[in-house]
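Visitor: Could you walk me through this structure, one question at a time?
Guide: Gladly; here it is.

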Amino acid sequence: MPDSTEEDRLPPGQYVPRGRPVVHYGRVPAFRPETWSFSVFGATASGEETRLTWPEFSGLPKVNVLADFHCVTKFSLMGNEWGGVPAGALLAAAPPAPDVRHVMIWGEYGYSANLRMADFDRDTTLFATELDDKPLTPDRGHPVRVVVPHLYAWKSVKWVRAVEYLTEDRRGFWEDRGYHNVGDPWREQRYSYQEDPGEGPA
Ligand SMILES: Nc1nc2c(c(=O)[nH]1)N[C@H]1C(S)=C(S)[C@@H](COP(=O)(O)O)O[C@H]1N2
Ligand SMILES: [Mo]
């Protein structure tokens, strides 16, 4: 049973399951540090793509964030201590052009999720390399996954490989398959038919 503080932290329609489910579409990719790279492309301030090797990416500043995690299929994982590179550090390392309002996060095998810049550029949005003081396990996104705890967990892209800066919004993998473009669990923004004008790409 969730304790009372956990109950207060549960968005509408969510429950705390037994154990900690692992959810993803497709296979768990292998990590090869020699060939792995992280790319920031699209509407960058310099007009150039930035490509970071694994040692370069690992050298970015890291923080810890304690956060709950809400899957749209209604389970919530409470009290996760994520460690990793805050989105702000990546924005500083590879700045966007001034008219960038959205980002597309790209994972292995073409999985993607779009975010408003206002949701990406938050202190709690992380490129996580650790969960509860241990490196991520392969099935949770090793070596690095995105964590956007204030939005439904499909936005938290595992095995992340790139960020694309967008001057116009575009739908990602699940947003293109009927899920809400924004995905705020506190407003139960589960499906695209719930979108208000202005919440999705024109
Ligand atoms: N690359 C990738 N990331 C993904 C997914 C996926 O299919 N592929 N599924 C998402 C969904 S729907 C959820 S609920 C969470 C699950 O994270 P977990 O396996 O750590 O619980 O990962 C998200 N990130
Ligand atoms: Mo999910």
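Visitor: In β10, which residue is the bridge partner of M104?
Guide: This is a predicted model, where local features need pLDDT of at least 70, side-chain atom pairs count only at pLDDT 80 or more, and totals for chains, interfaces and linings use all residues. Residues are numbered from 1 along each chain as its sequence is written, while chains are lettered from A and ligands numbered from 1 in the order in which they are written. Strands (DSSP runs of E, at least two residues, numbered from the N terminus) pair if DSSP finds at least two bridges between them. Strand β5 (residues 102–107) runs antiparallel to β10 over 6 bridges, and the partner of M104 in β10 is E164.

Visitor: Which residue of β10 stands opposite G42?
Guide: Strand β1 (residues 37–42) runs parallel to β10, joined by 4 bridges. Opposite G42 stands Y165.

Visitor: Why is strand β10 largely enclosed by the rest of the structure?
Guide: A residue is buried if 20 or more other C-beta atoms, placed from the backbone, lie within 10 Å of its own, exposed if 12 or fewer, and partly exposed in between. Strand β10 covers residues 160–166, and it is largely enclosed because the buried ones number 5 of the 7.

Visitor: Is H70 buried or exposed?
Guide: H70 belongs to strand β3 (residues 63–70). Since 26 C-beta neighbours lie inside 10 Å, H70 counts as buried.

Visitor: How far apart are the C-alpha atoms of H70 and P197?
Guide: Along the chain, H70 and P197 are 127 residues apart. Their C-alpha atoms are separated by 25 Å.
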